[in-house]
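Hi everyone, thanks for coming. Let me put the sequence and the model up on the screen, and then I'll walk you through some places to look.

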Amino acid sequence: MADRPRLTTTAGAPVADNNNAKTVGRHGPVLLEDYQLIEKLAHQNRERIPERVVHAKGWGAYGTFTVTEDITRYTRAAIFSQVGKQTEMLARFSTVAGEQGAADAERDVRGFSLKFYTEEGNWDIVGNNTPVFFVADPYKFPDFIHTQKRHPRTNMRSATAMWDFWSLCPESLHQVTILMSDRGIPTAPMFMNGYGSHTFSFWNSNDERFWVKFHFKTKQGHRHFTNREAEQVIAKSRESYQEELYSTIERGEYPKWDLFVQIMPEGEEGDFEQKTGWSAFDLTKVWPHGMYPLIKVGEMELNKNPDNYFVHIEQSAFNPSNVVPGIGFSPDRMLQGRLFSYPDAHRYRIGTHYDALEPNKPRCPVFHYHQGGEMPFGLRTNPDAYYEPNSFNGPVEDPSVKEPPHRYAGEVNRYDYRAEADHFSQPKALFNLFDDAQKERLFHNIAEAMNGIPQFIEDRQLALFDQVEPAYGAGVRQALAKVKSESDSEKQTSISTSHSASAAE
Ligand code: HEM
């Protein structure tokens with residue numbers, strides 16, 4: 001006891017016995033006055049918070065971002081103010097569809113969330129390991145996610161729902177091709193890239209705006225599992241990412257990524273659309289690197305495991321609306337939808353004051369006039385200046401950080417971007433980058449994922465692959481025939497085995 005802290009109740013009173021309930025006689029009943037036992041049981045009932053509605057399974061660590069190149073001509077953001085400057089950060093990686101107990105090595109898009117604790121507030125990138133997404137309108141996001149989660153009747157994942165949706169949304173072809181390619185199952189978070197995916201904006205100290213895309217390139221190289229390798233990993237461990245990320249950092253082998261940006265001066269988006277047929281703000285499309293080359297900015301290193309997973313990773317709240325002076329949004333309609341969705345999710349999942357919790361707390365001073373609410377830790381208000389404007393030295397606005405105006409123009413309408421855009425050329429270019437072996441694995445992965453869905457959905461999706469490139473459709477058709485005949489003969493074997501087993505009984 002001498003050098004160990006004394007066990008207390010949450011109110012600080014010392015606890016004499018943490019093993020024996022207070023009972024009448026040797027065996028009970030237990031007295032209601034054993035409030036220490038009641039406190040312990042009541043706390044256990046409240047240990048879980050709702051899991052994230054998407055990206056529930058995750059792994060994370062703290063780290064450092066270092067600027068290696070000067071980009072102050074594009075942005076006045078404090079994080080980029082000087083070559084050599086270092087900023088503390090937090091990363092959380094995740095799968096999209098699986099629940100908290102899901103296996104790590106499943107074929108899925110990976111989330112790539114970053115929080116940079118800059119001296120002008122937290123800047124968050126809430127991206128994925130892919131530069132594009134399945135859909136480009138926030139209206140479609142909840143429907144898309146429903147197809148990835150469990151069927152309401154069977155409570156099982158539904159390949160029919162996934163392919164039904166994808167085959168009705170040709171804009172998903174690019175992302176589906178990436179998901180079904182080798183990159184669909186990275187072996188661990190450090191062996192994949194991360195992308196901001198959306199177009200954001202930079203503005204510099206002359207109030208000039210640039211559209212920007214963020215790319216985090218792994219310095220560990222890309223490593224992936226095939227379906228069969230992933231099955232073997234999952235059979236042994238559902239936590240393979242947690243094990244690898246945690247133990248690599250514990251060993252002092254810190255994973256690193258290089259940050260690159262693509263920059264498009266404001267005003268060029270019209271030309272870009274005319275030349276390419278794609279909107280610079282369409283999340284299902286990339287900006288060709290030949291037109292907008294990657295510009296190196298800095299390096300991110302993960303170097304500290306959190307000492308409590310729940311406190312630092314489960315309670316972390318990433319939010320695309322967390323921008324800082326020098327970084328802004330774009331008209332990308334998906335991004336605009338997300339600006340509402342994340343803080344709303346955090347208030348529901350964590351609570352009103354989620355930004356005061358350790359992983360979310362800015363490392364710079366915070367002064368605002370929000371009042372009350374549940375558990376208002378960290379509300380640092382001057383007692384007499386609890387409204388604004390006031391004459392009692394309360395915090396005041398700073399016009400020097402005013403963002404330059406956006407030049408949006410147009411008629412308000414519900415425009416159908418899908419009808420207008422070319423959804424085939426970019427997946428075609430990606431498909432043609434693959435060598436023969438990569439193409440074979442792509443066909444096979446798609447065939448395994450499509451096996452068993454209704455014929456009319458299969459036909460509709462195959463027609464889309466044909467439109468990308470006839471060889472794409474033909475390859476998937478061939479792989480499907482093979483996968484179907486293999487699964488038919490497996491069924492035959494299991495029927496005959498079970499018949500002979502019952503005959504033996
Ligand atoms: C309109 C479209 C979208 C909506 C409404 C949406 C909504 C959400 C919500 C509600 C969460 C859970 C947040 C929480 O409880 O902490 C979430 C998590 C996440 N989303 Fe989205 N999302 C959208 C599109 C995207 C896109 C396009 C990306 C990537 C480019 C993305 C990446 C992520 C990531 C990485 C997480 C996990 C954040 C974390 O690590 O805590 N989402 N999304």
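Predicted model: local features only at pLDDT ≥ 70, side-chain atom pairs only at ≥ 80, totals over all residues.

Residues are numbered from 1 along each chain as its sequence is written, and side-chain values use heavy atoms, with hydrogens and water left out.

So, which residue is the protein donor of the iron atom of the ligand? It is Tyr-342, through its OH, at 1.8 Å, and it is the only protein donor. Donors here are N, O and S atoms within 2.8 Å of the metal (3.2 Å for Na, K and Ca); water is not among the atoms, so sites may look incomplete. Tyr-342 sits in helix H9, residues 333-349. Helices (H or I, at least four residues) and strands (E, at least two) are DSSP runs, numbered from the N terminus.

Now look around the ligand. There are 25 residues in its shell, and Arg-52, Arg-92, Ser-113, Tyr-342 and Arg-349 come nearest; a residue counts as near if one of its heavy atoms lies within 4 Å. Arg-52 has a polar side-chain atom 2.7 Å from a ligand oxygen. For Arg-92, a side-chain N or O atom is 2.8 Å from an oxygen atom of the ligand, and for Ser-113 the distance from a side-chain N or O atom to a ligand oxygen is 2.8 Å. Two or more shell residues come from each of strand S3 (110-118), strand S4 (121-128) and H9. H9 gives the most, with seven residues. By class, the shell has twelve nonpolar, nine polar and four charged residues. In this scheme Ala, Val, Leu, Ile, Met, Phe, Trp, Tyr, Cys and Pro are nonpolar, Asp, Glu, Lys and Arg are charged, and the others, Gly among them, are polar.

Next, the helix pair. How do helix H11 (425-433) and helix H12 (436-450) pack? Their axes are 8 Å apart, at an angle of about 125°; axes are lines fitted to C-alpha atoms, for helices over the stretch in contact, and angles run from 0 to 180 degrees between N-to-C directions. H11 and H12 are therefore oblique to each other, since angles under 35 degrees count as roughly parallel, over 145 as roughly antiparallel, 65 to 115 as roughly perpendicular and the rest as oblique. Phe-431, Asn-432 and Leu-433 of H11 meet Gln-438, Lys-439, Leu-442 and Phe-443 of H12, where contact means heavy atoms within 4.5 Å.

On to the loops. Val-83 is in the loop between strand S1 (58-67) and strand S2 (86-95). Beyond its neighbours within four places in sequence, Val-83 contacts Val-67, Thr-68, Glu-69 and Asp-70. Pro-170, between helix H3 (159-168) and helix H4 (173-180), touches Arg-418, His-423, Phe-424 and Leu-464, again leaving aside neighbours within four places.

Finally, the backbone. The Gly-28 to Pro-29 peptide bond is cis, with omega near 5°, and Glu-388 and Pro-389 are also joined by a cis bond, with omega about 0°. Ser-197 has a positive phi, near 65°, in a residue other than glycine.

Note on methods: Polar contact = N/O pair within 3.5 Å; in protein donor to acceptor, adjacent residues only side chain to side chain.
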